[in-house]
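Let's take a walk through this model together, one feature after another. Keep the viewer open as you read.

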Amino acid sequence: MILGALEAGGTKMVCAIGNEKGEIFEQISIPTRTPETTVPEMIDYFREKKVEALGIGCFGPIDPNRGSGTYGYITSTPKLAWADYNIVGAFEEALGCPVGFDTDVNGSVLGEVTFGQAKGKSCVIYITIGTGVGAGIYIEGKLLHGMLHPEAGHVLIQKRSGDTFEGKCPYHKNCLEGLAAGPAIKERWGQDAVQLKDRTEVWDLEAYYIAQALTGYILTLSPQLIILGGGVMHQEQLFPLIRSHVKEMLNGYIKTQELADLEHYIVPASLHDDQGIMGCLELGRRALCEENG
Ligand code: ADP
Ligand code: ZN
């Protein structure tokens with residue numbers, strides 16, 4: 001099976017060719033400009049490789065619900081050139097093959113569930129902490145959409161006393177993204193996150209905010225595994241700090257095997273940062289299977 005995978009991001013489009021085993025044969029990255037310039041370039045790439053199906057994990061908000069009039073569209077994104085753009089339609093028409101479609105973070109959780117450390121689990125959350133914050137949710141064996149799709153990076157967070165940074169999200173200020181995404185770290189502390197590596201107070205505050213969100217997700221969704229990815233999570237010192245804040249916040253209320261072993265419950269991504277693109281291969285495979293009945 002020759003499958004195409006597209007991880008569509010706000011700054012770059014990662015296009016890959018692979019197979020149903022999650023093997024990636026080759027990969028290119030194209031800067032995200034406008035649909036008029038960027039999409040034809042990607043179409044040429046996939047057409048030349050004769051892909052049998054394509055899976056797209058896309059920045060959002062998007063409409064991933066089949067049956068809806070705007071299924072396959074990027075909808076109300078602040079990246080205006082891409083707002084109300086039928087990305088699935090464009091690829092379906094040009095390539096004439098089945099196209100699978102979901103959020104980028106649902107793609108990542110699907111990658112981990114299909115090929116990575118979450119294999120065999122039925123309820124898993126993948127959270128990316130990067131330029132923004134997003135969460136993909138695999139629940140009862142399915143990628144969660146609901147009325148649209150989860151926007152769990154925007155859950156509201158209680159600020160720690162002493163943190164005078166107001167929060168960067170234009171909608172909520174003090175949501176997780178507004179307080180803890182890479183750009184918020186940079187604005188609060190005046191330096192890129194990566195340069196703040198040795199400032200312990202930076203990472204303790206960061207972990208405190210991430211832990212608040214995780215505690216909410218744990219209480220609401222009862223996940224069996226929580227996977228944290230994205231650029232900011234390359235600061236590995238965050239993991240023990242997050243686990244310790246989560247433990248304190250839950251305060252012993254829930255007693256499960258998973259929570260008794262937080263080191264194997266709140267974990268980094270397992271696929272060398274390929275979880276997203278591998279999940280897109282699986283989205284493509286699923287689209288092909290659906291078409292073939
Ligand atoms: P995106 O979210 O745009 O897809 P990333 O997940 O790489 O991309 O996130 C980029 C953000 O992560 C930037 O704000 C950057 O400052 C931060 N970042 C990237 N690498 C690191 C690192 N090693 N340590 C801390 N922060 C990082
Ligand atoms: Zn927000």
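**A guided tour**

Asp84 is exposed, with a relative accessibility of 58%; here buried means under 20% relative accessible area, exposed over 50%, and partly exposed in between, with a 1.4 Å probe and protein chains only. Before going on, note that this is a predicted model, in which local features need pLDDT of at least 70 and side-chain atom pairs count only at pLDDT 80 or more, while totals for chains, interfaces and linings use all residues. Residues are numbered from 1 along each chain as its sequence is written, chains are lettered from A and ligands numbered from 1 in the order in which they are written, and side-chain values use heavy atoms, with hydrogens and water left out.

Back to Asp84: its phi is near 55°, a positive value in a residue other than glycine. You'll find Asp84 in the loop between S5 and strand S6 (85–86); helices (H or I, at least four residues) and strands (E, at least two) are DSSP runs, numbered from the N terminus. Ser222 also has a phi near 55°, positive although Ser222 is not a glycine. Ser222 sits in the loop between H6 and strand S11 (225–229), and with a relative accessible area of 54% it is exposed. As background, most residues other than glycine have a negative phi, and most peptide bonds are trans. That brings us to Gly60 and Pro61, joined by a cis peptide bond with omega at about 0°. Pro61 belongs to the loop between strand S4 (53–58) and strand S5 (73–74).

Now for the metal. Which residues hold the zinc ion (ligand 2) as protein donors? They are His154 (ND1), Cys169 (SG), His172 (ND1) and Cys175 (SG), at 2.1 to 2.4 Å from the ion. Donors are N, O and S atoms within 2.8 Å of the metal (3.2 Å for Na, K and Ca); water is not among the atoms, so sites may look incomplete. The angles among the four donor atoms run from 103 to 118°, and the site is tetrahedral, a label that four donors get if all angles lie between 85 and 135 degrees. Along the sequence, the donor residues follow the spacing H-x14-C-x2-H-x2-C. His154 and His172 both lie in the loop between strand S10 (142–143) and helix H4 (176–180), so the pair ties together parts that are 18 residues apart in sequence. His172 is partly exposed, at 32% relative accessibility.

What about cysteines pairing up? The structure holds zero disulfides, where a disulfide is a pair of cysteine sulfur atoms within 2.5 Å. Take Cys97: the closest cysteine sulfur, in Cys15, is 13 Å from its own, too far for a bond. Cys97 is buried at 8% relative accessibility, and Cys123 is buried with a relative accessible area of 8%.

On to helix packing. Helix H6 (residues 200–221) and helix H7 (residues 238–250) pack at about 50°, their axes 8 Å apart; axes are lines fitted to C-alpha atoms, for helices over the stretch in contact, and angles run from 0 to 180 degrees between N-to-C directions. Helix H1 (residues 35–48) and helix H2 (residues 87–95) cross at roughly 40°, with axes that come within 10 Å.

One last stop is Glu290, in helix H9 (residues 275–291). Glu290 is exposed, with a relative accessible area of 53%. The C-alpha atoms of Glu290 and Pro98 are 8.7 Å apart, although 192 residues separate them along the chain.

How values were computed. Four donors count as tetrahedral if all angles lie between 85 and 135 degrees; four count as square planar and six as octahedral if opposite donors are over 155 degrees apart and all others between 65 and 115; anything else is irregular.
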